[in-house]
Amino acid sequence: MTSTTAISPLHVGHIRSQIPILSREIKGKPLVYLDNAATTQKPQCVVDALCHYYLQANANVHRGIHTLSEEATHAMEQSRHFLADYLGALPEEIIFTKGTTEAINLVASSLAKGKWFRPGGQILLSYLEHHANIVPWQMVAEQHGLEIKVIPVTDQGELDLAACRALISPNTQMVALGHTSNALGTVNPVREIVAWAREVGALSLVDGAQAMGHTRVNMTQLGADFFAFSAHKAFGPTGVGVLYGRANLLDRMPPYQGGGEMITEVRFEKTTYNTLPFKFEAGTPHISGNIVAAEAVKWFTAHAPEAVAQHEQQLLQRATHRLEAIDGLRIIGQAKHKAPVVSFVVEGVHHHDLAIMLDIEGIAVRTGHHCTQPLMERFGITGTTRASFSLYNTLDEVDFFADMLKRAINKLR
Ligand code: PLP
């Protein structure tokens, strides 16, 4: 399949040539990978950096005197510094985690342990949240007598901002909100909502899992107290994520897990904890992944953000336009500001059957509830078929997807 680069200033063909898996065939057909919201594909430089670590630089970090250990420590801390700079944060505000899920669990459980929440206090979430930004708060709410409040979503799939404003009150202690919906693609006005949270003295956490692979995010501009993302959704390895937290908050929060690395001194009578960020990084970290997380961000930022945004919006518009023309197909989520995600249901056709038919054509889409069951319930459905695009997808792929989808629907009806 040829890439359609002419209408886009982004050099999509060149980008694709850097990602070996995109030349794969699936069932004898060229792979058309449209499951980027689940995980993105990896450029050669990211895989090379992982290999380099294990083949040339493997050692445990932080306590070693020997050269290899010093090199590994240096590389990991360099990555932390790079990510801090990129996010507009301090290195001690960057905590390596397993991913977004662990980062949110860390914040919820540490704040609860540190008695941040008062009984009767409220945690504000939204109907758009991934389960990773619901369940940790429910667990804390159950244990500490807190109330969960939920920002409603309009039929377009946007947050109801008037309702949101009304829900934020002096009882609100935490506003935890997704930057971009993985299920519908809605990009939320997070800066505005974070500012409302601050006005009433509430903390804020932004789940940035779906933001980092599409746009630049700056902590100073965002203003949130916490921000979480997973490297694998932004061209990096799985099992690695970052929690950004304001240093003055993290300093006052108790550790999440106990073990090596997170201590200054251990005595049976009393243990003292390490400084930031190590206080929150118990045990041997995912060293290679933490190093390579920066490599992935560097690869992404080598492309102009405006060019990426323009290209992704073209993909979204073409997909929306083509799918809207299919009889009986309903797009769920038509927000004004959307990431390149198209989620839809088709009258009389089950989404799993569609995914199987598309896979035969080499097209990878995701189906089901996308870990957003409350959102599915809001729209009165059990799941959708979701095509999620990335900077390396082409308009030709969108057209092929739309053609094959139409054919599959006709066969299944
Ligand atoms: N938040 C959002 C919006 C997501 O899309 C996902 C994953 O799909 C997560 C959180 C959880 O990410 P991870 O499984 O990498 O921890």
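Which residues of β8 are buried on one side of the strand, and which on the other? In this predicted model, in which local features need pLDDT of at least 70 and side-chain atom pairs count only at pLDDT 80 or more, totals for chains, interfaces and linings use all residues. Residues are numbered from 1 along each chain as its sequence is written, and side-chain values use heavy atoms, with hydrogens and water left out.

Strand β8 spans residues 203-207, where strands (E, at least two residues) and helices (H or I, at least four) are DSSP runs numbered from the N terminus. Both of its faces are covered, with L203, L205 and D207 buried on one side and S204 and V206 buried on the other; buried denotes under 20% relative accessible area, exposed over 50%, and partly exposed in between, for a 1.4 Å probe and protein chains only. Because 5 of the 5 residues of β8 are buried, the strand is largely enclosed by the rest of the structure.

The strand belongs to an open sheet of 7 strands with mixed pairing and the order β4-β10-β9-β8-β7-β5-β6, two strands being paired if DSSP finds at least two bridges between them. At the edges of this sheet stand β4 (94-97) and β6 (147-151), each of which pairs on one side only, and the twist from one strand to the next averages 20 degrees; axes are lines fitted to C-alpha atoms, for helices over the stretch in contact, and angles run from 0 to 180 degrees between N-to-C directions. Strand β7 (residues 172-178) runs parallel to β8 and is joined to β8 by 5 bridges, with M174 standing opposite L203. On the other pairing, β8 and strand β9 (residues 226-230) are also parallel and share 3 bridges, and here V206 stands opposite F227. The unit formed by β7, helix α7 (residues 190-199) and β8 is a right-handed β-α-β unit, a crossover being right-handed if, with the strands pointing away from the viewer, the path from the first strand over the helix to the second runs clockwise.

Helix α3 lies across β4, β9 and β10 (241-245) and runs at about 120 degrees to β4. This helix, residues 67-87, contains F82, which is partly exposed, with a relative accessible area of 23%. When neighbours within four places in sequence are left aside, F82 is in contact with A294, V297 and K298, contact meaning heavy atoms within 4.5 Å. The C-alpha atoms of F82 and K298 are separated by 9.0 Å, although the two residues are 216 residues apart along the chain.

A second sheet, also open, has 4 strands in the order β13-β14-β17-β16 with antiparallel pairing. Its edge strands are β13 (329-331) and β16 (366-368), each pairing on one side only, and neighbouring strands are turned by 30 degrees against each other on average, direction ignored. Strand β17 (residues 384-388) is antiparallel to β16 and joined to β16 by 3 bridges, the bridge partner of G368 being T384. Helix α11 (residues 305-324) packs on this sheet, touching β13 and β14 (341-346), and its direction makes about 10 degrees with that of β14. Helix α14 (residues 395-412) lies across β13, β14 and β17 and runs at about 15 degrees to β14.

The chain is divided into domain 1 (12-38 + 305-412) and domain 2 (47-301), with bounds that come from an automatic or database domain assignment. The C-alpha centres of these domains lie 28 Å apart, and 33 residues of domain 1 are in contact with 27 residues of domain 2.

The largest nonpolar core has 74 residues, and those with the most contacts inside it are L87, F227 and L391; such a core is a set of buried Ala, Val, Leu, Ile, Met, Phe, Trp, Tyr and Cys residues joined through side-chain atoms within 4.5 Å. Helix α10 (residues 287-301) supplies the largest share of this core, 9 residues, and at least three residues are drawn from each of domain 1 and domain 2. Beyond residues up to four places away in sequence, L391 touches L10, V12, I15, F235, W299, F300, H303, V308, H311 and E312. A second, separate core of 29 residues includes A103, L111, M174 and F280.
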